[in-house]
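Trainee: I would like to learn how to read packing features in a structure, going from one feature to the next. Could we work through an example together?

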Amino acid sequence: MDNPFFARLWTAISAHEPESITRLRRENLAGLSGRVLEVGAGTGTNFALYPPTVTEVVALEPEPRLAAVARTAAASVPVDVREQTIEEMGPETFDAVVCSLVLCSVDSPEDVLRQLFSQLRPGGELRYLEHVAVTGPRGALQRAADATVWPRILGNCHTHRDTELTIRATGFAVRNARREAMLPAWVPLPTSEVALGRACRP
């Protein structure tokens with residue numbers, strides 16, 4: 001979890017995030033209320049975008065440098081930043097869970113999603129904005145990137161994961177899901193597309 005290179009890189013990237021990504025973040029958080037768990041908070045990019053109906057955010061960020069930046073982020077709701085992973089968290093219950101560009105970087109998405117399922121109250125929502133696997137030549141690029149330098153440079157990010165399939169397999173009921181291009185088709189990067197969706201714990 002101690003990754004000074006990635007912490008510096010992600011701090012720089014998040015400070016210059018394009019409006020198109022901010023728009024998707026805002027949409028991902030719209031309508032939330034009550035107590036929210038955010039996993040992989042990074043620099044706290046989401047904090048100022050939470051609606052006032054959210055009463056508390058517990059934000060997990062295990063990288064200490066990123067957690068320090070997150071603690072200084074402007075917030076419209078009370079935020080409790082904790083330097084821990086979801087696996088290290090004790091039993092607590094939340095009205096919603098938020099994952100933004102994080103399930104691509106955990107070692108075991110299945111284990112993390114099972115833990116998140118258990119932390120949600122019945123009827124609670126998982127809101128996700130995640131890199132996802134694509135097909136064709138871009139999919140081949142994703143597989144090559146994941147097998148070589150991409151995870152080492154980008155904080156263990158794996159671009160060719162079928163995250164929505166894993167969410168469903170965990171027991172969540174996915175609804176209002178769509179995919180959206182983050183980059184023009186000609187840009188030779190594997191992080192070309194994201195999935196934006198809401199999944200409910202029955």
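Trainee: Which residues in helix 1 meet helix 3?

Mentor: Keep in mind throughout that this is a predicted model. To read a contact between two helices, list the residues that touch from each side, and then look at how the axes run. Here Pro 4, Phe 6, Ala 7, Trp 10 and Thr 11 of helix 1 meet Arg 65, Leu 66 and Val 69 of helix 3. By class, the residues in this contact are six nonpolar, one polar and one charged. The axes of helix 1 and helix 3, the latter spanning residues 64-71, come within 8 Å and cross at roughly 30°.

Trainee: How many aromatic pairs does a search of the whole structure find?

Mentor: The search finds two aromatic pairs. To read such a pair, take the distance between ring centres together with the angle between the planes, where an angle under 30 degrees counts as stacked and one over 60 as edge-to-face. The pair of Phe 6 and Trp 10 is stacked, because the ring centres are 5.9 Å apart and the planes stand at 25°. Both residues lie in helix 1 (residues 4-15), where they are four residues apart, about one turn of the helix. Phe 6 counts as buried at 14% relative accessibility, and Trp 10 counts as buried at 19%.

Trainee: What is the geometry of the pair that Phe 117 and Phe 172 form?

Mentor: Phe 117 and Phe 172 form an edge-to-face pair, with 5.1 Å from centre to centre and 75° between the planes. Phe 117 lies in helix 4 (residues 109-119), whereas Phe 172 lies in the loop between helix 7 (163-170) and strand 6 (173-181), so the pair ties together parts that are 55 residues apart in sequence. Phe 172 counts as buried, at 5% relative accessibility.

Trainee: Which residues of helix 4 are buried?

Mentor: In helix 4 the buried residues are Pro 109, Val 112, Leu 113, Leu 116, Phe 117 and Gln 119. Seen down the axis of helix 4, these buried residues fall within an arc of 160°, so they line one face of the helix. Among the elements that cover them are strand 1, strand 4, strand 5 and helix 7.

Trainee: In helix 7, which residues are buried, and which are exposed on the other side?

Mentor: Thr 163, Glu 164, Thr 166, Ile 167 and Thr 170 are the buried residues of helix 7. They also line one face, because their directions, seen down the axis of helix 7, fall within an arc of 160°. Leu 165 and Ala 169 are exposed on the other side of helix 7. The buried residues of helix 7 pack against helix 4, strand 5 (120-131), strand 6 and strand 7 (193-200). Just after helix 7 comes Gly 171, which takes a positive phi of about 120°.

Trainee: In the largest nonpolar core, which residues touch the most other members?

Mentor: To read a core, look for the members with the most partners, and then trace which elements supply residues. Of the 25 residues in the largest nonpolar core, Leu 37, Val 97, Cys 99, Leu 116, Leu 126, Ile 167 and Phe 172 touch the most other members. The elements that give two or more residues to this core are strand 1 (34-39), strand 2 (54-60), strand 4 (94-100), helix 4, strand 5 and strand 7. Helix 4 gives the largest share, four residues. A second, separate core has 16 residues, including Leu 49, Ala 67, Val 77 and Val 98.

Trainee: Where does Thr 159 lie, and is Thr 159 buried or exposed?

Mentor: Thr 159 lies in the loop between helix 6 (150-153) and helix 7, and Thr 159 is buried, with a relative accessible area of 1%. Leaving aside neighbours within four places in sequence, Thr 159 is in contact with Val 132, Ala 133, Gln 142, Asp 146, Trp 150, Pro 190 and Thr 191.

Trainee: What is the phi of Asn 176 near?

Mentor: Phi of Asn 176 is near 55°, a positive value in a residue other than glycine. Asn 176 has its place in strand 6 and is exposed, with a relative accessible area of 61%. Asn 156 also has a positive phi, near 75°; Asn 156 lies in the loop between helix 6 and helix 7 and is partly exposed, with a relative accessible area of 24%.

Technical notes. Residues numbered from 1 in each chain as written. Predicted model: local features only at pLDDT ≥ 70, side-chain atom pairs only at ≥ 80, totals over all residues. Heavy atoms only, no water. Phe/Tyr/Trp six-rings, centres within 6.5 Å; stacked < 30°, edge-to-face > 60°. Buried < 20%, exposed > 50% of the residue type's maximum accessible area, 1.4 Å probe, protein only. Arc of directions from axis to C-beta. Contact = heavy atoms within 4.5 Å. Core = buried A, V, L, I, M, F, W, Y, C linked by side-chain atoms within 4.5 Å. Axes fitted to C-alpha atoms, helices over the stretch in contact; angles between N-to-C directions. Nonpolar A, V, L, I, M, F, W, Y, C, P; charged D, E, K, R; others polar.
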